[in-house]
Amino acid sequence: MATANPKPGLRPANPAFSSGPCAKRPGWTLAALEGALLGRSHRAKEPKARLAEVIDRSKAILGMPADWKLGIVPASDTGAVEMVLWSALGARGVDVLVWESFSKEWATDIAKQLRLKDARLIEAPYGKLPDVAQVDPARDVVFVWNGTTSGVRLPNADFISDAREGLAICDATSAAFAMDLPWHKLDVVTWSWQKVLGGEAAHGMLALSPRAVARLESFNPDRPLPKIFRMTKGGKLIDGIFKGETINTPSMLCVEDAIDGLRWAESVGGLKGLIARSEANLAAIARWVATEPGYDFLAEDAATRSCTSICLKITAPWFVGLAADAQAAAAKKIASLLEKEGVALDAGAYRDAPPGLRIWGGATVETSDIEALLPWLDWALATVEAELVGA
């Protein structure tokens with residue numbers, strides 16, 4: 001007897017759709033790590049050269065200006081952002097753009113932990129961007145380029161003045177290597193290895209423009225700085241941090257994996273190739289959403305839809321009619337079904353986001369896997385509907 005809701009016949013070859021840590025690059029195996037300099041001091045010549053290779057390859061792929069500094073820092077993207085917030089803010093007033101969970105975390109740090117007196121929050125709900133026209137070029141501005149938990153990204157940086165007096169501090173952790181960052185509009189850019197290139201966690205990347213370096217060398221914050229936040233000594237940048245001399249001990253296993261990811265990025269056409277792969281994943285989901293009545297993008301404006309952290313809301317009438325708690329429970333059931341079937345791991349919405357799904361579409365994800373997954377989203381939605389409201 002035929003079932004009313006048959007399972008799709010095709011499954012993704014790789015069900016890893018987590019938004020961090022993200023899918024490894026296609027074809028990755030443990031053999032990629034065989035050259036890791038394990039049991040070696042990270043301060044020795046060879047290991048330090050490997051760390052410098054991560055920096056050099058990253059700068060080249062991203063097209064970073066030659067006069068920028070790039071360093072490997074502790075504690076992932078979070079550590080990189082915190083280093084700058086605690087070391088550089090307070091010299092001017094600061095505007096904080098808030099439209100999802102991580103930008104809200106930075107706002108909390110600035111307002112409640114640093115307790116900066118002249119901090120202005122410019123906010124928007126999930127699915128929208130704040131009014132960026134409010135940003136004052138005389139003030140610093142802190143923002144994410146891509147809202148990892150909302151699927152809403154900046155379409156451009158036109159709101160940042162070329163004649164700005166303040167610093168533009170950008171958390172680009174789910175944007176770097178998948179989106180074109182306008183370096184002339186930015187002063188600080190941070191990201192982590194475990195996002196677009198599918199590297200291992202715990203290491204962050206911190207990029208500083210000459211203007212950012214000048215701020216660090218001229219500003220003495222009226223607060224204590226832990227060792228892992230200190231980037232200057234005697235009023236000068238500790239330049240070694242940006243040449244592979246890390247503040248604390250890095251994992252040489254993770255370093256080897258990062259180099260593997262960067263070499264793969266070069267093999268697929270560098271930044272242009274990486275962007276094309278991510279945009280193809282977004283396009284596949286957009287084609288499906290256009291004919292799918294049960295789901296829609298959380299990002300309301302098509303120009304702001306992320307091509308990495310692709311967030312979907314559930315629009316099926318039976319779901320919309322549920323109470324808020326029931327909606328959250330139903331969305332979790334859908335994500336659980338996808339995981340149980342082995343077609344999508346870790347695809348639920350972020351805990352602070354509206355109920356729905358979040359599908360990672362970064363460059364390491366094959367578009368064929370996205371396309372194979374989409375019928376399963378329909379199947380899971382119909383399965384939960386039958387369970388909750390009847391077939």
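Biologist: Where is Ser-209 found?
Modeller: Ser-209 is in the loop between strand E9 and helix H4 (210-218). Helices (H or I, at least four residues) and strands (E, at least two) are DSSP runs, numbered from the N terminus. This is a predicted model, where local features need pLDDT of at least 70, side-chain atom pairs count only at pLDDT 80 or more, and totals for chains, interfaces and linings use all residues. Residues are numbered from 1 along each chain as its sequence is written, and side-chain values use heavy atoms, with hydrogens and water left out.

Biologist: Why is Ser-209 called buried?
Modeller: Its relative accessible area is 3%. Buried means under 20%, exposed over 50%, partly exposed in between (1.4 Å probe, protein chains only). So Ser-209 is buried.

Biologist: Which residues does Ser-209 touch?
Modeller: Trp-68, Leu-186 and Asp-187, leaving aside residues up to four places away in sequence. Contact means heavy atoms within 4.5 Å.

Biologist: How do you know that E4 and E7 pair?
Modeller: Two strands pair if DSSP finds at least two bridges between them. Four bridges join E4 (residues 140-144) to E7 (residues 168-171), and the two run parallel. Phe-143 has Cys-170 of E7 as its bridge partner.

Biologist: What is the order of the sheet with seven strands?
Modeller: The open sheet runs E1-E9-E8-E7-E4-E2-E3, with mixed pairing.

Biologist: What makes E1 and E3 edge strands?
Modeller: E1 (69-74) and E3 (119-123) each have a single partner strand, so one side of each lacks a neighbour in the sheet. From one strand to the next, the twist averages 20°.

Biologist: Which strands of this sheet does H1 touch?
Modeller: H1 packs on E1, E8 (188-192) and E9 (203-208). Its direction makes about 130° with that of E1.

Biologist: Why is H1 called roughly parallel to H5?
Modeller: H1 (residues 45-62) and H5 (residues 252-267) pack at about 30°, with axes 10 Å apart. Angles under 35 degrees count as roughly parallel, over 145 as roughly antiparallel, 65 to 115 as roughly perpendicular and the rest as oblique. So H1 is roughly parallel to H5. The contact includes Leu-51 and Val-54 of H1, and Ile-259 and Leu-262 of H5.

Biologist: How many bridges join E12 to E13?
Modeller: Three, and E12 and E13 (residues 309-314) run antiparallel. Phe-297 stands opposite Leu-312 of E13. The open sheet has the order E12-E13-E14.

Biologist: Which strands does H9 lie across?
Modeller: H9 (residues 367-389) lies across E12, E13 and E14, at about 170° to E14.

Definitions and conventions: Axes are lines fitted to C-alpha atoms, for helices over the stretch in contact, and angles run from 0 to 180 degrees between N-to-C directions.
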